[in-house]
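Look at the structure below and keep it in view while reading.

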Amino acid sequence: MKGANYFAPSEIMNRVNHSSFTGNTEFPIWFQPRQQGCSCAQFSPKALREAYRFYLSAIDDDLCLNYRGPFLDDITSRIIDISENTIAETKGLSKVNRKVSFLLVECFQNIIKHSDHNELKGATPFSGMFAFRNQGQAYVINSINPVKKEEVPFLSKTVDMVNSMDSEALKHIYKRQLIHADLSEKGGAGLGLIELARRSGQQLNYRFTDLDEMRSYFHQQVVFLDSEEMKSEKLNHLDSTYDCFNEMGRSEILMQYKGDFSQRSIIPILDIVENNLLNPESGQFHYKKVGHLLIEVLQNISKHGKQKSSKKSGVFMLGRQEEKHYIIAGNVVGADERDGLMMVLEELRDKDENQLKELHKQRMKEIMFRDNSSNAGLGLIEIARASKGKLACDFQKIDDNSTFFSLFACV
Amino acid sequence: MKTNELHIERSPDTPEVIYTDNDSTLSIRGRSLPEDAHAFYSALIIWAESQKEIYHERQLYIHFDLDYFNSSSGRYLLEFLATLERSLRPNTRTEIVWFTDKEDELMIEKGEEFQQLIELPFSIRFL
């Protein structure tokens, strides 16, 4: 599906003025997909809608991070940085932070223990997934990773055993395992599972599905509840995580995120992307262009995102298509901001690289001569320039006061 | 003589800034990604403004060695340079040097943009 077929020559401001902005009408703004023939095959209205679909699928999540990339850097510490913002904002409980951090690290180590070394280093596409969600007082960690078929009986047996034990029994078996340290790989995995069960205080959910002749996928869910009244049985994300895993695979999405977009969260996100997802082999400075685009897109959400309490909420996803990367992002904006964004976007529409460069220069001159005290859409101009016209935007009405703004950019 | 010294430590989203009278060089090094760069760059802009208080003949070098900066930083970097341009006395010999990798198209282009907007001597040098 190429964007060219879906070019909507919309007179944006006309539509706004004639208040045809009713219902969930399609409202895409494309930037030159026709002239330049975007080589990014993911560039389609469906892709543009992905941001809203993902936003709705994670509507109750304070934080949702789905990751399908290689683990080159210590991703756990970055995820902890991001989750600490969310948790601190909502509860200010460092005890919860420590528990959740511990579980995240333990889950990661379990994945790494079972994974093929080449996959971890990004030499071959990573075939597993890591997902972290925080809904109010519930923290759910899902992972899917390939394991050798011969490990399946041992893993099943261990998880079943761990699930059948109360906390005293777990403590006992943990100590016994430590003393009789069976330092084989299996022993290590067993210890990790026991620790997950002990620290989470909940049953571990798991299942296996087929991958190929030699390997199965090990699906695991670890839940931590910061409330006595909650029931973990209601939090079964094994199915939805598998759906997401497959969808991300099909669309070659490396990472999806819904949550806070304040600077404290953006920086660790950027570090995850720069240190893990951008392959330096695809050109030494390609990663820089992607990073440049990403930071502007993320900060654009931060600037325009409707604030829910003190948090700035939005979604973004990063995908890779051969040598190109694409970013889909979205957030809820109010009516005024919607109109403001449309106005800036309208000015950018149909401008080629040189015209955008001129526009940027003009804005910078205005700043120099103090004609303009605001940033005057500099961020959006940078986004349009960085994506070299491979940019599309869409507005979907939610209700009279709020609209979902989506953006697709390719670099 | 009025002291000019400036030292701002690097943070995850702001660069290191150092000026010492010893080598007459202001160097700005690292990455600059603050969401609202005003807070960070106001110290630099004030420093630039204060240069008009220095009357004696002298040299001043401004060295940029930035990995990357965002659009908000770009806006205030320009304001810093424009303020400097207005504030420097004619007897100050100034040179702005923009250090970058010769393959870093993005940062080369950014350097050229400032070069076109600023009248002070401005050179782009490859590391």
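When two helices cross, the crossing is called right-handed if the near helix is turned clockwise from the far one by less than a right angle, and left-handed if the turn is anticlockwise. The model shown here is predicted.

Two packed helices are described by the angle between their axes and the distance between the axes. Take α14(A) and helix α2 (residues 71–87) of chain B. They pack at an angle of about 50 degrees, and their axes are 9 Å apart. That angle makes α14(A) oblique to α2(B). The crossing of α14(A) and α2(B) is right-handed. On the α14(A) side, the contact is made by Met364(A), Ile367(A) and Met368(A); on the α2(B) side, by Arg75(B), Leu78(B), Glu79(B) and Ala82(B). Sorted by class, the residues of this contact between α14(A) and α2(B) are 5 nonpolar and 2 charged, with no polar ones.

Helix α14 (residues 353–368) of chain A also packs against helix α15 (residues 378–386) of chain A, at an angle of about 155 degrees and with the axes 10 Å apart. Because an angle over 145 degrees counts as roughly antiparallel, α14(A) is described as roughly antiparallel to α15(A). The crossing of α14(A) and α15(A) is left-handed. Here Leu356(A), Lys357(A), Leu359(A), His360(A) and Arg363(A) of α14(A) meet Leu378(A), Ile381(A), Ala384(A) and Arg385(A) of α15(A). The residues of this contact between α14(A) and α15(A) comprise 5 nonpolar, 1 polar and 3 charged.

In chain A, 21 residues are in contact with 19 residues of chain B. Helices α11 (263–277), α12 (286–304), α14 and α15 of chain A each supply at least two residues of the side that touches chain B. Which helix gives the most to this side of chain A? It is α12(A), with 8 residues. The side of chain A that touches chain B has 7 nonpolar, 8 polar and 6 charged residues.

In soluble globular proteins, nonpolar side chains tend to be buried together. The largest nonpolar core in this model has 98 residues, and Val297(A), Ile327(A) and Ala409(A) have the most contacts inside it. Helix α12(A) provides the largest share of this core, 7 residues. Leaving aside residues up to four places away in sequence, Val297(A) touches Phe316(A), Ile327(A), Ala329(A), Ile383(A), Leu407(A) and Ala409(A). Another core, of 26 residues, lies apart from the largest one and includes Ala48(B), Phe69(B), Phe80(B) and Leu81(B).

Key: Residues are numbered from 1 along each chain as its sequence is written. Chains are lettered from A and ligands numbered from 1 in the order in which they are written. This is a predicted model: local features need pLDDT of at least 70, side-chain atom pairs count only at pLDDT 80 or more; totals for chains, interfaces and linings use all residues. Axes are lines fitted to C-alpha atoms, for helices over the stretch in contact, and angles run from 0 to 180 degrees between N-to-C directions. Helices (H or I, at least four residues) and strands (E, at least two) are DSSP runs, numbered from the N terminus. Angles under 35 degrees count as roughly parallel, over 145 as roughly antiparallel, 65 to 115 as roughly perpendicular and the rest as oblique. Two residues are in contact if their C-beta atoms, placed from the backbone, lie within 7 Å. Ala, Val, Leu, Ile, Met, Phe, Trp, Tyr, Cys and Pro count as nonpolar, Asp, Glu, Lys and Arg as charged, and the others, Gly among them, as polar. A nonpolar core is a set of buried Ala, Val, Leu, Ile, Met, Phe, Trp, Tyr and Cys residues joined through C-beta atoms within 7 Å. A residue is buried if 20 or more other C-beta atoms lie within 10 Å of its own, exposed if 12 or fewer, and partly exposed in between; C-beta atoms are placed from the backbone.
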